[in-house]
Amino acid sequence: MSDPVSALGGCRFDGFAKVQEVGPLGMITLRAKDLKGLAKAIKAVTGAKVPDMRRVTRSSDRICAWMSPDEYLLILPYTDVSSALGLIAKALANEHHLAVDVSDARAVFQIRGADAGQVLRKLCPVDLDRMAPDEIRRSRAAQVAVAFWTDVDGYTLVSFRSVAGYVMELLSHSAQPGSEL
Amino acid sequence: MSTRLSRGGRLIDRSTAQDFTFNGKRLRGLQGDTLASALLANDQMLVGRSFKYHRPRGIVASGPEEPNALMNLGIGERLEPNQRATTTELFDGLEAASQNHWPSLEFDVGVINNYAARFLPAGFYYKTFIHPRAAWKHIFEPVIRHSAGLGKAPKQRDADRYEQAYAFCDLLIIGGGVAGLQAALTAGQAGQRVILLEQSPHLGGRAMVDADLIDGNSPESWMAVTTDALARMDNVTIRIRTTGAGVYDHGYVLADERIADHTPGDGRPKQRLWRIRAAHIVTATGAIERPLAFAGNDVPGVMLASAVRDYVVNYAVSPGDRTVIVTNNDDAYRTAIALKSAGLEVPIVVDARTEVTGDLPTKARAMGIRVETGRAIAKVQGGKRVTGVSLCLHAGEGAVVEDIQCDAVAMSGGWSPVVHLWSHCGGKLTWDEGIAAFVPNPARPPVNHDGSAMVTVAGAAAGVFGTDQALESGAAVVTTVGTDARQMPDRKPTDNILPVWVMPQGAAPALRNKMWLDYQNDVKVSDVQLAAREGYESVEHTKRYTTLGMATDQGKLSNINGLAVLSQALNAEIRAVGTTTFRPPYTPVTLGTLAGEARGDIFQPLRKTPMHEWHLKSGAYFEPVGLWRRPYCFPQPGETHEQAVHREVLNTRQNLGLLDASTLGKIVVKGPDAGRFLDMLYTGVMSTLPIGKCRYGLMCNEQGFLSDDGVVARIDEDTWLCHTTSGGADRIHAWMEDWLQCEWWDWQVYTASVTEQYAQVAVVGPNARNLLQALGGMDVSKDALPLMQWADGNLGGFPVRVYRISFSGELSYEIAVPASHGLAFWNACIEAGKSLKIMPYGTEALHVMRAEKGFIMIGDETDGTVIPQDLGLAWAISKKKPDYLGKRGQERPHLASPDRWKLVGFETLEGSVIPDGAYILADGSNDNGQRNTQGRVTSTYRSPTLNRGIAMGLLRRGPDRMGEVVSFNTVTGGTVEARVVNPVFYDPDGEKQNV
């Protein structure tokens, strides 16, 4: 089998902030609400706690993100997804839930640098000044849906895979030197 | 002559010269100049021609209200028409050209209109060009459009880039004058998050020219202290060169930042549109001086009094050696004093008031300036330049009492608060007799969702003038936010203004014909009076009839004077006549800024499948499918698209075709109630589908109309995978969630879109199984994987799910592989298929093959008015189920009628292709004299397989009329005769797909 290829093959742009497409990253959409085994399932896969509304919880490089009152996004190494799905199935064996691999449906971007936020301020109607360090925002970048959260030295942003090229162009356009806000 | 003075100039740097051209003429200005001040410094008073009469026009103002000095700025890919010279910062190499003249600015043929002015009264379009009817379109309009026009439209692609940005704040202050700065200071000290916008490159507003002291300090030192204090506040952001363009509901404000207008080509974005959400808005937008309406008030050299002193104080430019001041208020005396102080001559101040005793007039008199009261300008002398004025009594009809030579006239008719932004979102105005101006009525502000005031006004924009009042109101607006304080500010009259709308007040018609209200659109006092005589009472109607205030300046100088003249003509009070509506933007915003980043490659999102680059490299001809681009066909060298499609169809039917089907919607539906849910969504039964099998399903909306179709696979006990059309993927997912969240919220069902998780490849044709066997890894034989079943496994080392389904009638597998492996799997298929004569095919071949098989296509056979029963799909509708979405709708008499247009096939008698969109003719005509119809074509192709035209279409009682010959109309006239046949043209028994 071939190695998995991310949407843009790790494409990057260095402007006043550095933009890089990364991945592939393992991602699981978990739809569940108020289940006895939920905390256990999330802990088993990510090592993290169940996040509060609009928050992410982390454990080393694994993340659990709150996406809606009945949806979480679990982020983990790409190669661990199928075993993680097994862990979830076990933890939530007799409870109504849906866990599905969406690793390949997404594109992931890192925006790095002191002014990384300015790149997003041009594209996303989000009040970044009021964004908590462990907060995730589901928003849009120009014309497409994205989600992002703060990260070491910047932000990590996720979009759908099919629009990865568009998002990369948006981020690059917004990060061009001389266009600092 | 206008010229540069030897000293002074607050904003210019005399050590840095900047060369520019005007109409090709090389001129020199200074760093800090505006284009207008630089033109005046070069004695270029004549800067354009008026819109209708092509009269010579000069610079009137010094700010964004300028109606005359509109330029074509830049050339080629940086050409911008209608740029105001007064707000254009000069830069080295600037190229400007005047507008609206031919052949030249100095000699303009169009000025003939001026002499024919009496044939071009208000509303002349409506009066003159009525007959003959056809002449408007073919003669009048083209001629008028040629002769009337402003700047040139750019023809090249814009060289610059633009962007947008979002911002949020507690308090947004629009206007960086004393009131705005004081508001920022007060709010900043209170810890609020503050954004202050200033349209010009300089803070301080009029006070820097007009004020002696601010808060007991010199204006310069007050500014230094204030800006320093603001700069040290992290919670305060100040943006200069940024115009608050529009105020919208819920504290939403659009602002236009001009970043690199004055530094073109430096790599920065040209402009940026700010989209600001503010908890509260303060408009500290100042006031605009009004012209006076006297005969010849448009002759170059007649300027606003405030503009004259702006040019003198800010840029050390004198509009003339001898400047006559004409006024109805005290403020204009500042100009007299400034000119005199600069060593220039003020032969006379013509004051319409009979009694003039204010501090400023007293000071002017003390400086030896002659002041004449009760006087008016009867007429300005000069054509392309003021040469003098004739004076008369203001109370009279214009009999000349004295002629005075001069080369400029500074006029002031009082000040109009800039109420635009207050008014954009519904703030009301009230007429203030004391200052003869409309002012915001604080009792009726634009409101938030909870009824609280969204906007507060400070400073001159509220009608309070002078720095003391500006400071006071700037601080007060901050402290009253959130309170119910909605009183009128305590306005201390600073000027004893005498409202003057026509000068002299009893001016005879000959004078009123030469009194300009709207310089840009050439609307005169006589035009507005004519409109009133002809019955126009509403200010909105009069505006449109006369075009007053409809030019690019949107009547910043003309609206108040115009409606005052109208009110006089109607013998009504000004407050009763009211204003026209103020709409955003305050000043024009270039389209590039509104588009922002959305141009070129990122004009809109382009969705790409994992194999997109391969298609691109293989020369695919793409077609848009939603936001996707899908290969329509893969033409080989020398092939037309039609030839390519035929080749792809034949090769697929004879050998092996490969289709990128990744765009198909894929939605996982899981839960104890998932089967019940799908039984409601689909017309057929999905709950009984055995694990491992596939079933074709139809979805209808509540009305019963067919909405989407696709194959459903049962994955496990409580999991189904629903395929949708490419275009329906997002819509159907939202449709599912809508029902689950809003209607059946207690059903235990979860959905998730996995559309983009998988690349999906259709392997189609007699060699399809051979290819999969060549890849190896799983049993895909007829017995192991029969038609309408699926299996997980691996092929060529790839993890796959293989669906044995066919949309072409051939042996066919659709293979889902994780998107990250999609391209590699595609390449593996192409490689392994070489010996099997594999060729990729596009959407058109897909369409042709499904039409040959009589398969419907959502969007072709359906258009939102078609139900499954119309399409012969009753077999896919469960008769046993008590309910499904659309069932009740389909029982309505019109939808259940046997007379409906129903799906059949058509074969033309001579084998030709029926034109797309053709209707089937019926006897007779309808009430509109149109030919009756009894059906229409929905899909029509040349079938490469059958080598003749085939079509599907809807025909009244179609299935009952097999064998009948019907007539289709054609675009070119005439008809095409076709026989009604079964819509399945190819392999009606389905033997080929079932091998």
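Biologist: How are residues and chains labelled, and which pLDDT is needed for local features?

Modeller: Residues are numbered from 1 along each chain as its sequence is written, and chains are lettered from A in the order in which they are written. The model is predicted, so local features need pLDDT of at least 70, side-chain atom pairs count only at pLDDT 80 or more, and totals for chains, interfaces and linings use all residues.

Biologist: In which order do the strands of the open sheet in chain B stand?

Modeller: Strands of a sheet pair through backbone hydrogen bonds, either parallel or antiparallel. Here 5 strands run in the order β16-β24-β18-β19-β20 (chain B), with parallel pairing. Strands are DSSP runs of E, at least two residues, and helices are runs of H or I, at least four, numbered from the N terminus; two strands pair if DSSP finds at least two bridges between them. β16 (302–304) and β20 (371–373) of chain B each have a single partner strand, so one side of each lacks a neighbour in the sheet. β19 (residues 349–351) of chain B joins β20(B) over 3 bridges, and V349(B) stands opposite V371(B).

Biologist: Is helix α8 of chain B largely enclosed or open?

Modeller: A residue is buried if 20 or more other C-beta atoms, placed from the backbone, lie within 10 Å of its own. In α8 (residues 305–315) of chain B, 11 of the 11 residues are buried, so the rest of the structure largely encloses this helix. Among them are R309(B) and D310(B). A316(B), which follows α8(B), has a positive phi near 55°.

Technical notes. Buried ≥ 20, exposed ≤ 12 C-beta atoms within 10 Å, placed from the backbone.
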